[in-house]
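Have the coordinates open while you read.

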Amino acid sequence: MNAKELLESYALGDRDFSRRSLIGLILTGANLSGANFIESDLEEITLDIANLEDAELNLANLIRANLSGSILIQANLNGTILEQASLIGANLSEAFLIEADLSDAVLVETNFSHAFLTSANLTRSRLCRANLSNAFLTGACLNGADLRGANLTEADLTRANLTGANLAGADLSRANLTNAKLNWANLANAKLTGADLTGTYLSTLKSIEGTDFTDARNAPNSVELVNMEESNSEE
């Protein structure tokens with residue numbers, strides 16, 4: 001099925017494109033809201049500025065796909081492979097991405113507010129200025145992720161792995177970081193006002209210069225902060 005055939009089929013009322021091979025199709029700006037792409041091969045597909053609201057994309061292959069600027073509100077991407085995909089500025093608010101693979105994906109300024117990213121793989125993903133407010137990231141893997149300037153207010157990061165993540169300037173106000181891993185993470189100028197750091201290991205943070213721990217639960221005390229800064233400066 002080529003792009004023209006797919007769009008014509010959708011226009012005639014067909015919504016089931018599951019288990020299809022649609023590799024490399026160019027569907028820029030297409031309206032495919034509510035379409036079913038379950039287990040379809042969408043590798044390197046172009047769906048930038050497309051409307052995929054409420055679409056079913058769970059278990060689909062979207063490796064190196066271009067979804068920048070697309071609308072994926074409440075879309076189902078559970079178990080979807082989005083490795084090296086581009087979703088710059090896409091809207092995935094309230095979307096389901098449980099156990100999705102977003103490793104090495106470009107997610108700059110992407111909207112994940114209230115999205116479900118439980119146990120998702122976001123290793124080395126680029127999430128600069130992304131909106132993850134109220135997102136569910138329980139058990140998510142964010143090893144080496146670039147979260148500079150990201151909005152993580154009230155996000156649930158329980159047991160999340162943020163080893164080596166760059167959170168410089170990120171807003172984690174009232175975020176739940178219970179038992180999260182922050183080894184070698186950069187928290188310079190980050191805001192953790194009212195965050196819950198219970199069970200979080202903080203002694204190997206890369207940087208806490210300018211970090212705001214006001215009213216944070218289980219935050220390091222001033223002596224610990226000084227010692228950490230001295231330790232970092234010696235490295």
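**Notes on the predicted model**

1. Thr153 sits in the loop between helix 1 and helix 2. Keep in mind that this is a predicted model. Leaving aside residues up to four places away in sequence, Thr153 touches Ser133, Asn134, Asp171, Ser173 and Arg174.

2. Leu137 belongs to that loop as well, which runs between helix 1 and helix 2 (222-234). Leu137 is buried, with a relative accessible area of 1%. With residues up to four places away in sequence not counted, the residues touching Leu137 include Leu117, Leu122, Leu132, Leu152 and Leu157. Also among them are Ala155, Asp156, Thr158 and Ala160. If you want a distance to check, the C-alpha atoms of Leu137 and Leu97 are 9.8 Å apart, for a separation of 40 residues along the chain.

3. Which residues touch the most other members of the largest nonpolar core? They are Leu97, Leu147, Leu157 and Leu172, out of 75 residues in that core. As background, nonpolar side chains tend to be buried together in soluble globular proteins. Take Leu157: beyond residues up to four places away in sequence, its contacts include Leu137, Leu142, Leu152, Leu162, Leu172 and Leu177. Leu157 also touches Ala175, Asn176, Thr178 and Ala180.

4. On to the overall picture. The chain has two helices and zero strands. Its radius of gyration is 19 Å, close to the 18 Å that the globule rule gives for 235 residues, so the chain is as compact as a globular protein of that length. Along the principal axes, the C-alpha atoms fill a box of roughly 65 × 30 × 20 Å. Buried residues account for 51% of the 235 residues. Of the contacts with a separation of 6 or more, 3% are between residues 24 or more positions apart.

5. Helix 1 (residues 3-11) has Ala3, Leu6, Ser9 and Tyr10 as buried residues. Looking down the axis of helix 1, these buried residues fall within an arc of 130°, so they line one face of the helix. Lys4 and Ala11 are exposed on the other side of helix 1.

6. At its start, a side-chain oxygen of Asn2 comes to within 3.2 Å of the backbone nitrogen of Lys4. Just after helix 1, Gly13 has a positive phi of about 105°.

7. Last, the cysteines. How many disulfides does a search of the whole structure find? The search finds zero. Cys128 is buried, at a relative accessible area of 9%, whereas Cys141 is partly exposed, at 23%.

Definitions and conventions:
Residues are numbered from 1 along each chain as its sequence is written. This is a predicted model: local features need pLDDT of at least 70, side-chain atom pairs count only at pLDDT 80 or more; totals for chains, interfaces and linings use all residues. Side-chain values use heavy atoms; hydrogens and water are left out. A disulfide is a pair of cysteine sulfur atoms within 2.5 Å. Buried means under 20% relative accessible area, exposed over 50%, partly exposed in between (1.4 Å probe, protein chains only). A nonpolar core is a set of buried Ala, Val, Leu, Ile, Met, Phe, Trp, Tyr and Cys residues joined through side-chain atoms within 4.5 Å. Contact means heavy atoms within 4.5 Å. Helices (H or I, at least four residues) and strands (E, at least two) are DSSP runs, numbered from the N terminus. The arc is that of the directions from the helix axis to the C-beta atoms. A polar contact is a pair of N or O atoms within 3.5 Å; within protein, one must be able to donate a hydrogen and the other to accept it, and residues adjacent in sequence count only if both atoms are side-chain atoms. The radius of gyration is taken over C-alpha atoms; the globule rule is 2.2 Å times the number of residues to the power 0.38.
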